[in-house]
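Hello,

Here is the structure I promised to pass on.

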Amino acid sequence: MQVPLQVVFEHIAHVDSIQERVRSEVEKLEQFYDRVTSVRVVIGRPQHRHHKGDTYSVRLHLTVPDAADIAISREPAATGRHEDVHVTIADAFDAARRQLQDLVRKRQGQVKAHEAPPHGVVKTLVPEQDHGFIASADGREIYFHRNSVADGRFDSLEVGQQVRFSETVGDKGPQATFVRPAGKHHVS
């Protein structure tokens, strides 16, 4: 790290063993991803209970070059899971590790690119026979039935309207199994 680790205690006295646990978790992060430039950890005890154990909160702020900062917050849970400060610290660092893993995968190009569903224009409507045809972007004509239109909106479709669809091969050629009118922000 370029900036020394910062550990802050809120509403709790400084405890060396807790600080060492945090340092150990940071070292594990650095073994996984060595480009973390700074880590700030705030350990707090927001509630003071007299009949049951206190709960702890942990907030992490990691700075990584050429990426958005990673901010993690583990606040007291109703389950009582955060009554142990070491469990709360582990939860927070596990979440930070998952976000770093996502960042690494994205940088290595291992994130799946989700293709937009095919789109086209309603070419023909035959309401009395409960079907129509879509002119796809690649120039094909695709059949669709009233039942394949999302939210029962077959009657609101108009010739020339942009739609998105899912396609399969039917008995008589290409067929749309799901049709949804394209929104205002449709991108071709």
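Below are some notes on the nonpolar cores and the aromatic pairs.

This is a predicted model, where local features need pLDDT of at least 70 and side-chain atom pairs count only at pLDDT 80 or more, while totals for chains, interfaces and linings use all residues. Residues are numbered from 1 along each chain as its sequence is written, and side-chain values use heavy atoms, with hydrogens and water left out.

Let's begin with the cores. A nonpolar core here is a set of buried Ala, Val, Leu, Ile, Met, Phe, Trp, Tyr and Cys residues joined through side-chain atoms within 4.5 Å; buried means under 20% relative accessible area, exposed over 50%, and partly exposed in between (1.4 Å probe, protein chains only). The largest core has 29 residues, and Val 22, Val 41, Ile 43, Leu 60, Leu 62 and Leu 100 touch the most other members. At least two residues each come from β1 (6-10), α1 (16-32), β2 (38-44), β3 (57-63), β4 (70-74) and α2 (85-107). Helices (H or I, at least four residues) and strands (E, at least two) are DSSP runs, numbered from the N terminus. The most is given by α2, with 9 residues. A second, separate core of 11 residues includes Phe 144 and Leu 157.

Now the rings, which pair if the centres of Phe, Tyr or Trp (its six-membered ring) lie within 6.5 Å; planes under 30 degrees apart count as stacked, over 60 as edge-to-face and the rest as tilted. By this rule there are 2 aromatic pairs. Phe 133 and Tyr 143 are edge-to-face, because their centres are 5.8 Å apart and their planes at 70°.

Best wishes
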